[in-house]
Amino acid sequence: MDELHTLVAESACRDVGLAAADGVDRNDPDGLAALFAPDGVLVRPDGTRLVGRDAVRAAYAARPADRLTQHLVCNHRLAVQADGSVRSVARVLLVTGRWSDAPTPRGRPMDAPPQVGVIEDRLERTPEGWRIAERQARFELHFGPLAG
């Protein structure tokens with residue numbers, strides 16, 4: 001793959017990863033599921049393995065309607081692999097709250113301290129465009145008791 005095609009593939013895959021975070025935050029299970037390959041796999045931080053768009057859609061549709069999330073994605077690194085797929089690794093800061101809490105000039109209150117996680121994707125080019133073939137999500141840090 002030449003340099004231009006590499007840059008185009010990496011940009012498109014970065015957009016898919018950001019759109020997935022946005023789909024969760026906007027509570028759009030259909031939009032999120034559409035970003036996966038038909039037989040795509042999502043391994044959630046708790047180890048739950050979702051296989052296929054229907055499983056992804058159902059899991060995110062079952063979220064409480066009041067759940068408010070913001071996934072802040074950063075340190076996004078992408079690389080085209082020898083087989084033509086793209087490997088993506090991004091750090092994520094997850095902040096949660098509730099839509100039912102009244103907004104203030106400072107926003108709504110957080111439910112709990114933020115968590116820091118990692119999302120690792122393998123994306124493949126499909127007739128629909130780049131899609132997530134496999135996603136592994138995990139948390140690496142949370143706010144716990146401070147060491148004395």
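Buried means under 20% relative accessible area and exposed over 50%, with partly exposed in between. By that scale Arg138, at a relative accessible area of 30%, is partly exposed. The model is predicted, and the structure holds 13 salt bridges.

**Glu120 and Arg138**
- The side chains of Glu120 and Arg138 form a salt bridge, with an N to O distance of 2.7 Å.
- Glu120 belongs to strand β5 (residues 115-126) and Arg138 to strand β6 (residues 129-142), so this pair ties together parts that are 18 residues apart in sequence.

**Asp121 and Arg135**
- A salt bridge also joins the side chains of Asp121 and Arg135, at 2.7 Å from N to O.
- Asp121 is in strand β5 and Arg135 in strand β6, so the pair links parts 14 residues apart in sequence.

**Asp22 and Arg26**
- The side chains of Asp22 and Arg26 meet in a salt bridge of 2.6 Å, N to O.
- Asp22 has 36% relative accessibility, so this residue counts as partly exposed.

Terms used. Residues numbered from 1 in each chain as written. Predicted model: local features only at pLDDT ≥ 70, side-chain atom pairs only at ≥ 80, totals over all residues. Heavy atoms only, no water. Salt bridge = Lys/Arg side-chain N within 4 Å of Asp/Glu carboxyl O. Buried < 20%, exposed > 50% of the residue type's maximum accessible area, 1.4 Å probe, protein only. Helix = DSSP H or I, 4+ residues; strand = E, 2+ residues; numbered from the N terminus.
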